[in-house]
Structure formats: structure tokens, C-alpha cells
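Reader: I have a model open and I want to learn how to read it. Please take me through it one feature at a time.

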Amino acid sequence: MKPNMEKLEHFLQLGGIKKDILFLALSGIAIVCSLLDLSPFPFDMAWIAIILCGVPIILEAIIGLVTAFDIKADVLVSMALIASVFIGEDFAAGEVAFIMQLGGLLEELTVARARAGIEKLVHLTPQTARILTDGTERIIPAKEVHVGDRLRVLPGESIPVDGVIVSGQTSINQAVMTGESLPVDKTAGDAVSSGTVNQFGAFEMEATKVGEDSSIQRMIRLVQSADAGKAKIVGIADRWATWIVVIALSAAALTWLFTGELIRAVTILVVFCPCALVLAPPTAIMAAIGNVTKHGFLVREGDAMERLSKVKIIAFDKTGTLTHGTPKVVKAASVSQNHTPEQIYRLTAAAEQLSEHPLGKAIVDCYKKEFKEELSLIDDFRMIPGQGVCARVEGKQVLAGSPELFREHGVAMTLPTEAVHYLEQGCTVIYLAVGGSLVGWIALSDTIREESGEMIGALSSLGVDPVLLTGDHENAANAIASQIHIRTVRANCLPEDKLKAIDVYQSKGQPVCMIGDGINDAPALKKAEVGIAMGGVGSDIAVDAADIALVSDDIKELPHLVALSKRMMTTIKCNMTFSMALNFIAIAMAISGMLNPVVGALVHNAGSVLVITNSAFLLRWKK
């Protein structure tokens with residue numbers, strides 16, 4: 001029996017919104033003809049609306065009752081339709097069916113509009129790829145690309161998989177992944193993401209992540225898992241709706257018993273359908289999800305937005321979240337009268353240009369970006385693991401690295417006072433020796449995101465207390481926290497330490513939202529009431545563990561997310577209060593005979609339309 005019901009349900013859903021619009025158009029014409037008593041047929045034209053709009057409602061009610069004993073609004077509507085036909089009110093039955101389906105269509109349109117911003121990702125998935133094999137190019141389905149394949153991407157084409165450019169220069173429109181409005185220049189060695197669009201030059205790339213592992217597919221999985229039905233408040237509304245059905249049936253039976261007027265009982269069934277109550281939470285949640293999507297967030301489930309509205313503590317990881325996550329040169333200093341700070345910078349960058357160490361690469365990259373010039377050629381380059389590098393630069397023997405490197409090479413040194421100050425602030429210092437003497441040093445630090453301070457202030461104004469949980473040592477953590485006004489800091493945290501910190505807050509009745517980007521943050525993201533992952537720079541594991549992903553890594557939008565979650569809950573409560581009040585007022589009027597089935601249907605659906613409209617305002621809401 002159940003498989004047949006599932007097939008029937010699937011058949012009823014075919015055509016979607018277009019089918020509903022067609023049926024409503026035909027039913028609307030039929031209702032007008034019935035009202036004006038214009039019928040070329042030997043039956044009331046209202047029967048067209050009853051069949052096209054009413055029969056699907058009745059079948060949905062039967063499916064719900066048979067498959068899951070699901071007593072919802074469809075049950076009341078179906079009984080109202082059948083009772084109206086039974087007492088000869090064909091026009092009332094047709095109008096009830098028409099208005100009920102019109103309310104359903106408005107719901108579908110609202111939800112479709114709310115999710116349009118995120119579901120467009122599904123349609124942006126590249127379908128084909130240009131693969132290069134032995135110098136020959138051929139087009140294959142994108143799903144057949146393997147890791148290591150060499151691909152060519154022409155101007156205007158979407159990048160089929162994640163990869164690294166091996167030759168060519170171009171500009172990539174990354175709006176679908178990051179929200180950036182301007183194209184980003186790319187060259188050999190730069191990473192590119194699937195779904196982004198090649199703007200100008202052709203290039204060749206090597207595939208690194210394909211199929212379900214690609215960036216666009218990861219984002220799509222987040223989108224497809226977004227389901228407002230998982231929110232707790234939606235479950236409450238559904239339970240209330242079931243009780244309202246019972247109350248309505250009892251009220252209708254008692255009214256018929258005491259008044260003897262079946263039409264009043266039918267009107268009660270019509271006006272007491274809990275459509276507006278059931279619509280209140282999901283339409284608001286989906287509208288809110290659609291709103292935050294435009295601000296760079298992907299929400300896995302509506303429950304996350306509900307939980308976020310109750311959060312009292314927001315715990316931040318430091319590196320990659322409040323900071324950029326990549327070291328940058330913050331100071332170049334000389335301790336020699338024969339060298340300027342600029343020369344120290346240039347000699348250190350030249351010595352490090354062949355280094356594979358992240359700090360060495362950071363020095364070279366920062367120098368090239370700042371001075372826009374090529375570095376001197378070097379000879380006799382050697383890299384000493386854990387210590388630094390040595391090389392001949394401009395005919396001089398140069399050492400760049402740690403004090404241990406200097407001791408190994410017999411170079412006497414005393415730590416400069418200013419360098420010690422930078423070390424206390426959590427910076428890393430690279431020392432430079434030329435010709436066997438210390439001549440200067442360079443300090444590197446993970447720099448704070450420009451928007452971090454303003455974002456922390458905005459969160460505090462919303463009544464949320466920011467906390468820093470980081471694996472960095474205490475000096476670095478305190479230095480960052482003091483600059484952006486975070487008062488509570490926990491440094492040297494291992495993954496289990498972050499879990500314990502969150503557990504302490506939760507035991508005190510303070511719900512926690514955790515924001516992080518690395519694999520080490522994944523347990524904390526799962527433990528917290530709400531986990532938010534930095535989707536752009538974050539690891540796949542962190543994104544999978546989180547409830548919400550921040551695609552563009554633009555953390556200045558976090559206050560908007562929190563404020564919207566609170567606004568969403570206010571909207572839901574207002575919608576539910578209004579719908580309950582309207583139901584009880586309408587049933588009182590129906591019992592007294594002030595409403596007939598037709599007017600009752602209008603009143604009932606006016607409530608649903610107002611609830612949907614109020615929820616739709618969340619799509620564009622911004623504090």
C-alpha cells in the first residue's frame with residue numbers, strides 16, 4: 001500500500017508551481033462563472049475548482065493519514081470540502097478549494113524566492129571539461145575528471161574542478177564562491193575553484209579535487225541539507241496544529257448538535273484550519289536563510305538559526321578567523337650603521353627566495369608586493385631545517401634564521417631590545433647576518449583582519465560576549481585580543497581544551513557559538529550549540545562539522561547573522577500569536593453564525609497570506 005501511495009504523491013507533485021498556476025487559473029475562471037451563473041455545462045462550474053484544487057487536497061490528506069497518521073490542516077480542509085458539497089454549497093466548496101490552493105501557491109513562491117540565492121549553486125555546476133592527453137584536447141563530462149588530469153579552460157568558461165594553474169595568466173570571477181564583485185588575477189601556481197568563471201586569458205591547470213570533493217559540490221551539499229523542518233519551533237507548531245484539528249472537529253460537532261445548522265459546523269472546519277500557524281515558522285526560517293545567503297552564509301538547517309538566536313557566548317579561534325592566517329612582515333630593522341632597514345629587507349628576501357619554509361616564502365612575497373622589483377641572484381644556497389638558510393648574495397655570505405643558526409656558524413649576537421618586544425607580542429623574528437656579523441632582523445606576524453575590531457564591537461552591542469580560544473601562546477593571544485577588545489582569552493588550547501571551555505559555559509546555562517577554520521576546531525564546532533566554519537580558508541572537516549559556513553570569510557557580516565536570527569524568532573512568535581488569535585476569533589464568529597463557509601475561507605486565507613507576507617520581509621531585512 002505504501003509504495004502505491006508514494007507513487008501517487010509523486011504524481012501529484014509533477015509540474016510543480018507551473019501546474020498549480022494553470023489549475024488555479026482554470027479554477028478562478030470557473031468560480032467567476034459559477035458566481036455569475038454562467039455555465040455552458042449541465043453542472044455548476046464550481047465543480048471544476050473542486051476537482052482541480054479540491055481533489056489534490058483530499059488526496060494529500062488521505063496520504064498523510066494512511067502513511068503516517070498525520071493529522072494536519074489538509075484533514076480539516078478535506079472535511080470542509082466534503083461537508084460543503086454534502087449540503088449543496090458547491091460554490092462554497094469550490095471557493096474554499098480555490099483559496100486554499102492559492103494560499104499554498106503563495107507559500108511555494110515565497111519559499112522558492114527565499115531559496116533562490118542558494119539553490120542557484122546547483123545549476124552552476126560545470127558539466128564538461130577540456131582534458132589534455134598527449135597534447136590532444138578533447139571534451140569530456142566534468143564528472144569523469146580525475147585528480148592529476150591536465151585541463152584547459154578558455155575565456156568565459158566555468159572551471160570544472162578544483163585545481164592549480166600550471167601555465168597561463170587570467171582573471172577569475174569568484175563571486176559564486178566568495179561574493180567578491182571584482183575578478184581576481186591568477187597565474188601559474190595559484191589555486192582555482194570549480195564553479196568560478198574564467199574571465200579573460202586561457203590557461204592550463206592540474207586537477208586537485210574532483211567530483212564530490214570539489215568546492216562547488218561541497219557548497220551544494222550544504223545547500224541541499226538546508227531544511228527548515230528540522231527547527232524545534234517547527235515541531236512545536238506542528239504539534240499545536242494537531243490539537244487544533246481535534247478542537248475544531250469537537251467545536252464543529254457540538255455546534256451542529258446544539259444549533260442543528262450544519263453550515264455553521266462546516267464554517268468552523270473552514271476557519272479553524274491551522275494553515276497560518278503551520279506556515280509561520282518555516283516561511284520565516286527559509287526567508288532568513290535566503291537573506292543570510294546573500295551575505296555569504298550557507299545554513300545547513302533552520303534549527304541552527306533558531307539556536308543562534310539564544311547564544312550568549314561566541315568563541316573565536318584566532319588564526320584564519322580573526323586574523324588572515326598567513327604571516328606578513330610587520331617590521332624590518334637594522335642594527336648596523338652600514339645597512340638601512342630597506343637593505344635588511346632586500347637581503348633577507350634574496351637569501352630566502354629558494355626557501356621552502358612558509359616564513360621564508362612570506363618574506364619573499366611581502367617584499368615583491370611592497371617594492372615591485374626582482375631579487376638579486378644568489379649562489380651556494382643551503383637550507384638548514386629548523387634553523388634557517390645561508391647563501392651568497394651580491395658576493396657576500398648571508399645567514400637568515402634563528403639564533404641557533406648563528407651559534408652553529410660562530411656568529412656572536414645579543415637579542416636586540418626592540419626584537420624582544422616583538423617576540424613578546426607573539427611575532428616571529430628572523431635575524432640576518434652578513435659577513436659573520438649581525439646586521440638586522442625582520443619580524444613577521446599573522447595580521448588581524450581589518451574588520452575584526454568593528455565586528456567584535458557590533459556583537460557586544462547585541463548582548464553576545466566574545467571569547468578567544470586559540471592554540472597560540474599567551475603573548476600572541478593577548479596581543480590580538482587587546483587590539484580588538486576581547487576580554488576573555490584562553491591560550492595554548494588543544495582541541496580537548498576548547499571542548500572543555502565550551503562545556504563549562506554550557507554547564508552555566510550559557511549557549512555557545514564556535515567560529516573556526518581548522519581541523520583542530522572541528523570537535524568544538526560540533527560541541528557548540530552552533531558551529532560556524534570559515535568556508536573559504538577553512539578545512540573540509542571544519543566545514544562538514546559546522547552548522548553554518550561563511551563562504552566569503554567576510555567576518556564583518558557575523559553581527560548581521562546574529563541580529564537576523566533574533567529578528568527571525570521575533571517574526572515567528574508574532575506570526576504564531578496572530579494566527580492563533582485569528583483562529584479563535586474566527587471560530588467564535590462561525591459558532592454565532594456571523595460567517596458562512598465562503599467568508600470563512602476568505603478570513604482564514606487572509607491570515608495565511610499576512611503570515612507569509614510578514615515572513616517575506618526577512619528576505620531583505622538588515623539592521
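Reader: How many residues does the largest nonpolar core have, and which have the most contacts inside it?

Author: Start with the source. This is a predicted model, numbered from 1 along each chain as its sequence is written; local features need pLDDT of at least 70, side-chain atom pairs count only at pLDDT 80 or more, and totals for chains, interfaces and linings use all residues. Side-chain values use heavy atoms, with hydrogens and water left out.

Author: Now the general idea. In soluble globular proteins, nonpolar side chains tend to be buried together. A nonpolar core is a set of buried Ala, Val, Leu, Ile, Met, Phe, Trp, Tyr and Cys residues joined through side-chain atoms within 4.5 Å. Buried means under 20% relative accessible area, exposed means over 50%, and partly exposed lies in between (1.4 Å probe, protein chains only). Here the largest core has 88 residues. I314, F316, L322 and M568 have the most contacts inside it.

Reader: Which helix gives the most to this core?

Author: Helix 22, residues 558–592, gives the most, with twelve residues. Helices (H or I, at least four residues) and strands (E, at least two) are DSSP runs, numbered from the N terminus. There is also a second, separate core of 27 residues, which includes V329, A362, I363 and V364.

Reader: What is F316 in contact with?

Author: Contact means heavy atoms within 4.5 Å. Leave aside neighbours within four places in sequence, and the partners of F316 include L322, M455, I456, L459, M514 and L558.

Reader: Which residues of helix 18 are buried, and what do they pack against?

Author: In helix 18 (residues 474–484), the buried residues are A476, A477, A479, I480, A481 and I484. They pack against several elements, among them helix 12 (318–322), strand 12 (323–334) and helix 17 (452–461). Look at S452, which is in helix 17. S452 is buried, with a relative accessible area of 0%. Beyond four places in sequence, S452 touches L322, I484 and I555.

Reader: What about cysteines? How many disulfides does the structure hold?

Author: A disulfide is a covalent bond between the sulfur atoms of two cysteines. The cut-off is a pair of cysteine sulfur atoms within 2.5 Å. This structure holds zero. C33 counts as buried because its relative accessibility is 19%. C427 also counts as buried, at 11%.

Reader: How many aromatic pairs are there?

Author: Rings of Phe, Tyr and Trp (its six-membered ring) pair if their centres lie within 6.5 Å. Planes under 30 degrees apart count as stacked, over 60 as edge-to-face, and the rest as tilted. The count comes to five aromatic pairs. Take Y345 and Y367: the ring centres are 5.2 Å apart and the planes are at 75°, so this pair is edge-to-face. Y345 lies in helix 13 (residues 341–352) and Y367 in helix 14 (residues 358–371), 22 residues apart. Both are buried. Ring pairs link Y345, Y367 and F371 into a cluster.

Reader: Where do Y422 and W441 lie?

Author: Y422 is in helix 16 (residues 417–424) and W441 is in strand 17 (residues 437–448), so their pair ties together parts 19 residues apart in sequence. The pair is tilted, with 5.7 Å centre to centre and 55° between the planes. Y422 and W441 are both buried.

Reader: Do strands 5 and 6 pair in the parallel or antiparallel sense, and over how many bridges?

Author: Two strands pair if DSSP finds at least two bridges between them. Strand 5 (residues 170–173) and strand 6 (residues 184–186) are antiparallel, over three bridges. S171 stands opposite D185. Strand 5 also runs antiparallel to strand 8 (residues 197–198), joined by two bridges. There, N173 has V197 as its bridge partner.

Reader: Where is D134, and what is its phi?

Author: Most residues other than glycine have a negative phi, and most peptide bonds are trans. D134 has a positive phi, near 55°. D134 sits in the loop between strand 1 (128–133) and strand 2 (136–141). D134 is exposed, with a relative accessible area of 80%. D380, in strand 13 (residues 378–384), has a positive phi near 50°.
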